[in-house]
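Reader: I have a structure open and I'm a bit lost. Could you walk me through part of it, starting with the words I need?

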Amino acid sequence: MASQLQTSCRASWWTIGVCILAAALFPGLQAQTVLVNDTVSGYIGTDVVLHCSFTNPLPNVKITQVTWQKVTNGTKQNVAIYNPAMGVSILPPYKERVTFRNPSFKDGTIQLSRLELEDEGVYICEFATFPTGNRESQLNLTVLAKPTNRMEGTTRPLIAKSGRTEKILVATCISSNGKPPSTVTWDTKLKGEAEFQEIRNSNGTFTVISRYRLVPSREAHRQQLMCVVNYQLDRFTDSITLNVQYEPEVTIEGFDGNWFLNRKDVKLICKSDANPPAHTYEWKLPNGTLPGSVEIQNNTIYFKGPVSYSVAGTYICEASNAIGTRSGLVEVNVTDKPLPQGALGGIIGIVGGVIAAALILGVAVTVFIVYRRQQKDRTEADHDLIDLPPSHKPAPPPKRKQELKSHLTAEDIQVVHLDNMTHEEELQKLPLQPPYYDMAASEPSAYTDKLNSGTKDCDVHYAELDTAALASSPSPRTSIHAGGDLVEYATIQPNLR
């Protein structure tokens, strides 16, 4: 009856009132709920559990049956049925793969074993009750397929040739039959390019193919190329090492630039970088034949006996492999005498001197910059002091009295002793001395003011000697009347040289 009421509610809007009345008469319609997982996923070949439970059954509601169905192309197909009276029934094609975990009036959970791609789809769990009718919920089952991954290197030989620009296939990385599709990338230092292709298989899986191409070159030889496949949380890697064939790259060793007359045991060695290795070496001169004193052994040419001018010239070595032939050359010159052993040391010394001079110059520039900066700082400090107000300026240093300056040295000063003769006799014997001028600035005093008052415009009057004062003087001193004042001074006798 409840089922018929639900159907009529869906069918027409005019019966809304009837549905509301029915819900009021049958409150179990509101309380009954079927709980399932929204989404379930599993890998092919594994087992999954589809949970389903019936909650809040009313005491007067009787469960008559639990049914699992799969929706295929819009139609429902029974998978498994649990009936308390009839027991459990599993329908094909799930006959051997579906079981009820713990069938009851509240639990309709089933387990689906050995998943297949065809198992993916929408499943409905339905509880049939009386008298409220059927209650159901649905879930989505996703079947995952782990891909099969592999990497293949090309069987075509990789040959590097000059002027070649065509990119050729180097390796292929395949991730097949995966669901969802994998992500394929390349990890390498090679300068190539990758192309990708995704194929949807008939069973719903995907195959991803990536091909790596490049222009073969000598630099690509022995480089690693890695394929990386990411699927869900899984990571697959595989790698190969490229084998690129190329012509010989020739170099000649043995000439050190110091072949001189009569030097012994010299030789030239022809070396080649080739894949495959060079199998043939040939020595020759561009304008002539090899000297008779040489012996060739495979890739080495030996010069027998002492070196002479005849061994000088341009030596060419040709190396050949299956790919081609390349040559290298060296210019041999012979000197009269060996080069100075210190030549290299002299060059190193010059270089060292230049470096040392640069360092010294750098230090000097640094010191100069620091000095200028300090001078600038001091100047700024002085300006700051000048700009300070008078109350903040430091007190000026005390004035020092300037001492009387004399151009006479200690050797020029002689003291005349007047012990054994009279003052007059000594004065008469003294030669007339020129007046002494003290040009140094001195502080004004009472004496200098008075003295200056008796002189004008640097006019100097000779002082008169007071013989009477000399006669009565107990010490060898002389008195001079200067501007009416009596001044004592020691007799100064210039030492003439």
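Author: Two strands pair if DSSP finds at least two bridges between them, and strands (E, at least two residues) and helices (H or I, at least four) are DSSP runs numbered from the N terminus. This is a predicted model, in which local features need pLDDT of at least 70, side-chain atom pairs count only at pLDDT 80 or more, and totals for chains, interfaces and linings use all residues. Residues are numbered from 1 along each chain as its sequence is written, and side-chain values use heavy atoms, with hydrogens and water left out.

Reader: Which strand does β22 join?

Author: Strand β22 (residues 266-275) is joined by four bridges to β25 (residues 300-303), again in an antiparallel arrangement, and K267 has Y302 as its bridge partner in β25.

Reader: What's the strand order in the whole sheet?

Author: The sheet is open, with five strands in the order β13-β20-β22-β25-β24 and mixed pairing. Because β13 (158-159) and β24 stand at the edges with a single partner strand each, one side of each is left without a neighbour in the sheet.

Reader: Switching topic, where is F368 found?

Author: F368 lies in helix α4, which covers residues 342-386.
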